[in-house]
Amino acid sequence: MWDFDHEPHQSQLAVRYQLDLMTPAACAERLALPIGDPDAADIGLVPVAALATTPGLRIIPGCAIASRRKVRSIILVRRASQPLTEIRTVAADTSSRSSLAYTQILFKRQWNPDTVFLPHRPDLDSMLESADAALLIGDPALYALEERQNREERTGQDLIYHDVAEEWIAHTGVPWVAAVWAIRESSLEASGRTLDKIAADFTASRDRGLANIDILVAEWSNRITLPATTIRTYLTSNIYYVLDEECLKGLRRFYELAAETNILPHYTL
C-alpha cells in the first residue's frame, strides 16, 4: 500500500481509487454485494477462498500475500497433552476465510476430519476455555507468539503453536497464498482501463514499499505494540508478495483440495 499512503503517488492514485480499510474478509463481503449497493466495492485485497464463492471476480496479476516458509501470523494453538488427531473443536478467528479454509483442509486430510470449527473472537485464553484448540489470524497471532513465554509462566500450561503456512507447505510442497487483489469484471469494463494498467499501479506500490522497509518498520512500530525486529522479520522474511508461477501452483492446489474436501465449491484458476 506504499504508494496509496505516501506522496508523491498518493495524490495521483486518489484520482483513480477511493480507499476504505478493513479486514480481508470484509473486503470479500463488499465485493460480493450487488454493484448498485452503496457499500459495494470494485477492487479488494481478498482471501483467496472468496474467489471460489463470489462469481465475476478476476485476479489482478502481480501481487499476493503469501509465504514460502513460516508466516507466523496464522497459528493453530493446542495443548501439548492433546495430539492433533484428538482435536474435536477449534475456536476460530474468522477474519480471513482463506486461513480458516487452509486449516480445515489440513484437519480433513491429515489430522481429524471430524473436527468442528467454532467462530470466536481472537482471544487465546477464552478460546482455549471453549475449545480444544485455537486458530489465531493476523496481529493476534503475532501477539500470541510474542507472549508465549509470559503466558506459559502465567498459566503453567504447555501449548504447541503450529504455523499453518508451514504445515501447508510441508503437506503439499507448494507455497501458501492467503490473499490477492481481485476486481469485478463489470468494474474492469466500466473503468476504461486495462487489467495490466491497473495491475501496474499495485505492483509499483508493492515494489516501492519493499524499497522502504525501514520507514514501514518505524511507522508500524508506532501503531502496534510489537518489537521493531518482529515487524521487520515479518515484512522481509515471513511474507512473500509476488504472485509468481509457484504461487499460482499453490493456489491451484488449494482450490483442488478445498473442493475435494467439500470446504469450497469447485473453482478453476
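Q: In β7, which residue is the bridge partner of A92?
A: The model is predicted: local features need pLDDT of at least 70, side-chain atom pairs count only at pLDDT 80 or more, and totals for chains, interfaces and linings use all residues. Residues are numbered from 1 along each chain as its sequence is written, and side-chain values use heavy atoms, without hydrogens or water. Strand β5 (residues 89-92) and strand β7 (residues 133-137) pair in the parallel sense over three bridges. The partner of A92 is L135.

Q: Which are the edge strands of the sheet?
A: Five strands form an open, mixed sheet in the order β6-β5-β7-β4-β8. Strands are DSSP E runs of at least two residues, helices H or I runs of at least four, numbered from the N terminus; two strands pair if DSSP finds at least two bridges between them. Those pairing on one side only are β6 (116-119) and β8 (159-163).

Q: At about what angle does helix α8 run to β8?
A: Helix α8 (residues 164-172) lies across β4, β7 and β8. Axes are lines fitted to C-alpha atoms, for helices over the stretch in contact (heavy atoms within 4.5 Å); angles run from 0 to 180 degrees between N-to-C directions. The angle to β8 is about 60°.
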